[in-house]
Amino acid sequence: MITLAIVFGLYNPADTVMKETTIDEVVVSSFANPGSKAVRKGRLASIDEHIRALNKVDVVRRGSYAWEPVVNGMQTERLSTTIDGMKIFYACTDRMDPVTSYVESGNLQRISLDGGLDGNPQATGNIGGSIDLKLRKVGFSAQPSEYNLSAGYESNGNLFVTGADAAFSSSRFYSNFGAYYRGAGNYRAGGEEVEYSQFHKFNAFVNVGFQPRLDHIFEGTVIFDRAFDVGYPALTMDVKDATGFITSLSFRRENIGSILNRWETKAYYNHILHNMDDTTRPDVVIHMDMPGRSKTAGLYSLLEGTLGGNRYQLNYDVYYNTLFADMTMYVSGAKPMYMLTWPDVHTFNTGFSFTDDLALGEHHNLRLSAKLSWQHRHICNDEGFKALTIYFPQASSSDSQLSGRIAASYAYEIRGWRFTLGTGYGSRTPTVTEAYGYFLNNTFDLYDYIGNPHLRNEKAAEANLSVEWKGRTVEVKAETDAFFFSDYIIGLPDSRLSAMTIGAAGVKVYQNLRSACIVNSTLSLVLHPIASLSVDNRLVYSYGKENTGSRLPLIAPLTYNGNVRYSYKSLTAGLGVRMAARNSNYSEKYGETSTPGYAVWNVDFDYRLLLGRVLVDLRLGAENIFNRYYSTYSDWNHIPQKGRNVYFNTVFRF
């Protein structure tokens, strides 16, 4: 795969070189190198914007905050998302708080993506892929001190971003810490205000390291993140507040020996609280509150080494998670009604993984990876369990399951050509929502959903092929990934059941389909006619069907992305276009409707200057220059994207 490096400052190439050929990465630091590929807004771009820069990644957007990543046409349940290897689970039954929403760009070093079944060591259930957000840690023997002040403004929605961070480093100790705020009002789309699209977010972080002896390293991390008054125009409810507390402590031993190079063990704990309500919405027939909470404690121990032509990793990980969500409905003139939607489900999961990168000769490379996990779940709320047994009388309050994955890829390189062929097979256990969710309303297809505790594990076989050629001024790559599912999990209507939500079309129960397939193909062309000029082009086609012949939902239409970037001394200018064909192959069975095609143009400028000992990065740009009113295939309920948006941001580095 192509490594996409978005670089906002100096970084150590040794951090990425070992996996450069297999992992897509966005690398985030302090300032952009001239001519490098970059998110237009630089360091002050949101995590969502950094995520969307990755190859094979799109997002489901329910508002202007906390977009849900989609990899290879697959959403959260088929992905693994971690923060520095830590397992974290969202606390919202409507997936309004993906894991990526609890990190701020100022605390991010890079984002790594493994597409498909060849996941990172801590990944579990990653049929579509795995995303790991690597936190920014200044490290030992860096600059003795560093200070950054950041500020940004966007005209559409009056979005403000402010933040400050500092770093201190010596041969035995380092620390970097900071705080950031983002806030916006309602944005406008083609001249129309999109109500309930406001948000506010505060994030503070501390990373510390201590080295009592050379190559014996202790590290700790604390993150506090709170979003409040977050509107979701695509949904019937908003978020009063979403609070995350994330912490970890690790020990790392470097340069141990020739066979065993590195050993890292990390223990972590995180606590997520999420409160939905509809008190700000007018004309609500029945007001309701929907709080949820997620707690996860875990540990992983990773060994890395080399032996001959083998570069290997051995990893053991374990985590314990609890998920609880309920709903209180307030009926005028009557007592409130109460219902559990996640019945306090406790999950214990443990697994072993192995990865080996083997050099077979000057031109041949082989990569092998595998993981086996065991999971035990238990419903700890009797009231919630008894409600579920109304529909599944034979259900048990606990169950245990095995899941795993195995993948292999072969690469042949010669005279600028690179041929890659890969395959894999894996399974995932049903999510808590799929197994135990209780009358969860989906505003996308207007159905209430009930989990199914009798679901079988979903299985998938993957095949991928890529051909790449790199010349002095031209790079061309064609690649295809295909996933063939058995026991595919999706919600299907049950006419025997009656909906609980007013206006719902009916009730769907999660079921196993016999089979389904998803195929993604990409053609990219990069031109460097002169050293200071680059032209990037990417064309993507996706396809998804189930065994009945019906289309799968949220599969992208034909899309094209093009960018031209020119650098002159300290100035970089860019012009880009994002285009999509009409989404005519939509899934009517699962509530989709067609979306028209569109073309959206953007322009940006980046200028760096040195004022005494202060390095300043200035960015100015405009998105959706022609104020096009449009929605993408993955905009929930076709909420429109932002109209014309002019932005300016600056970062001062002392």
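Which side chains does a polar contact of 2.4 Å join? They belong to Asp225 and Lys201; a polar contact here is a pair of N or O atoms within 3.5 Å, where within protein one must be able to donate a hydrogen and the other to accept it, and residues adjacent in sequence count only if both atoms are side-chain atoms.

Before we go on, note that this is a predicted model, in which local features need pLDDT of at least 70, side-chain atom pairs count only at pLDDT 80 or more, and totals for chains, interfaces and linings use all residues. Residues are numbered from 1 along each chain as its sequence is written, and side-chain values use heavy atoms, with hydrogens and water left out.

Let's stay with Asp225. You will find Asp225 in strand E14, residues 216-230 (strands, E, are DSSP runs of at least two residues, numbered from the N terminus). Asp225 counts as buried because its relative accessible area is 1%; buried means under 20%, exposed over 50%, and partly exposed in between, with a 1.4 Å probe and protein chains only. Among the residues that Asp225 touches are Tyr65, Ser101 and Phe202, where contact means heavy atoms within 4.5 Å.

Now for the nonpolar cores, sets of buried Ala, Val, Leu, Ile, Met, Phe, Trp, Tyr and Cys residues joined through side-chain atoms within 4.5 Å. In the largest, with 83 residues, Ile83 and Tyr232 have the most contacts. Strand E18 (residues 310-330) gives this core its largest share, five residues. A second, separate core of 15 residues includes Leu492 and Leu513.

Finally, look at Gly503, in the loop between strands E26 (474-493) and E27 (506-530). Gly503 is exposed because its relative accessibility is 64%.

Conventions:
Helix = DSSP H or I, 4+ residues; strand = E, 2+ residues; numbered from the N terminus. Lists of a residue's contacts leave out its neighbours within four places in sequence.
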